[in-house]
Amino acid sequence: MSAIKNIHFNAIVEAMRGRRGCAVSEIAAATGLSVPTVQKAIRYALYSGIVKTAEIAASTGGRKAQLYDINPAFRLTLYIVLDDNELHFVLKDFAQQVCEQGANAIELGRYLEEVEGLLIRLGSRYKNIALICAAVPAIIDNGRITDWYYNPSFNGFNLKEYFETKY
């Protein structure tokens with residue numbers, strides 16, 4: 001998609017999040033986009049599995065509108081945060097609802113093993129984890145850890161490359 005179409009599409013998805021059963025006209029009003037632009041984006045989103053059809057709206061005297069919902073199962077996002085010696089995680093669906101969360105005490109030197117164990121456990125239950133966001137208490141430059149004061153064995157390690165290559 002072009003940059004403008006991407007901006008429009010993202011606005012449509014954000015307008016639908018947190019709402020149940022959105023009509024095209026409601027999405028257009030919420031985003032300021034034209035009804036034809038929203039209709040085209042909804043057709044693409046249906047084809048891609050990003051949204052799904054919901055019920056038909058109650059009649060207000062005219063034609064009943066088809067309603068649409070975000071498809072929460074489309075993609076999942078895993079947020080991983082290391083705080084002190086605890087590995088915290090939150091797994092959210094595409095509608096930004098929490099699917100699962102937790103925390104485990106870990107040894108800093110075993111950070112990667114602990115993350116991999118977490119991904120294996122979650123991956124056995126959820127097949128559509130599409131995005132991993134990891135935060136560590138370190139100075140990072142373009143994915144490479146330049147200074148992790150409390151865990152210097154990881155200094156120089158490219159965390160971004162590791163995740164992109166492995167997962």
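A crossing of two helices is left-handed if the near helix is turned anticlockwise from the far one by less than a right angle, and right-handed if clockwise. With that in hand, I opened the notebook.

**Ground rules.** I am working on a predicted model, where local features need pLDDT of at least 70, side-chain atom pairs count only at pLDDT 80 or more, and totals for chains, interfaces and linings use all residues. Residues are numbered from 1 along each chain as its sequence is written, and side-chain values use heavy atoms, with hydrogens and water left out.

**Entry 1: H4 and H5.** I looked up how helix H4 (residues 111–125) meets helix H5 (residues 159–166). Helices here are DSSP runs of H or I, at least four residues, and strands are runs of E, at least two, numbered from the N terminus. The crossing of H4 and H5 is right-handed. Their axes come within 13 Å and cross at roughly 30 degrees; axes are lines fitted to C-alpha atoms, for helices over the stretch in contact, with angles from 0 to 180 degrees between N-to-C directions. On the H4 side I noted Tyr111, Leu112, Val115, Glu116 and Leu119, facing Leu159, Tyr162, Phe163 and Lys166 of H5 (contact means heavy atoms within 4.5 Å). I sorted these residues into seven nonpolar, no polar and two charged. For the classes, Ala, Val, Leu, Ile, Met, Phe, Trp, Tyr, Cys and Pro count as nonpolar, Asp, Glu, Lys and Arg as charged, and the others, Gly among them, as polar.

**Entry 2: the largest pocket.** Which residues lie nearest the centre of the largest pocket? I found Leu131, Ile132, Cys133, Phe163 and Tyr167 there, among 17 lining residues. (A pocket is an open set of points on a 1 Å grid over the protein atoms alone, where a 1.4 Å probe fits, with protein on both sides within 12 Å along at least five of seven lines; lining residues have an atom within 4 Å of a point.) H4, strand S7 (129–135) and H5 each give two or more residues to the lining. S7 supplies the largest share, six residues. By class I have 12 nonpolar, two polar and three charged residues in the lining.

**Entry 3: H2 and H3.** I then turned to helix H2 (residues 24–31), whose axis comes within 9 Å of that of H3 and crosses it at roughly 115 degrees. This crossing of H2 and H3 is right-handed. Val24, Ile27, Ala28 and Thr31 in H2 meet Val35, Val38, Gln39 and Ile42 in H3. The contact has six nonpolar, two polar and no charged residues.
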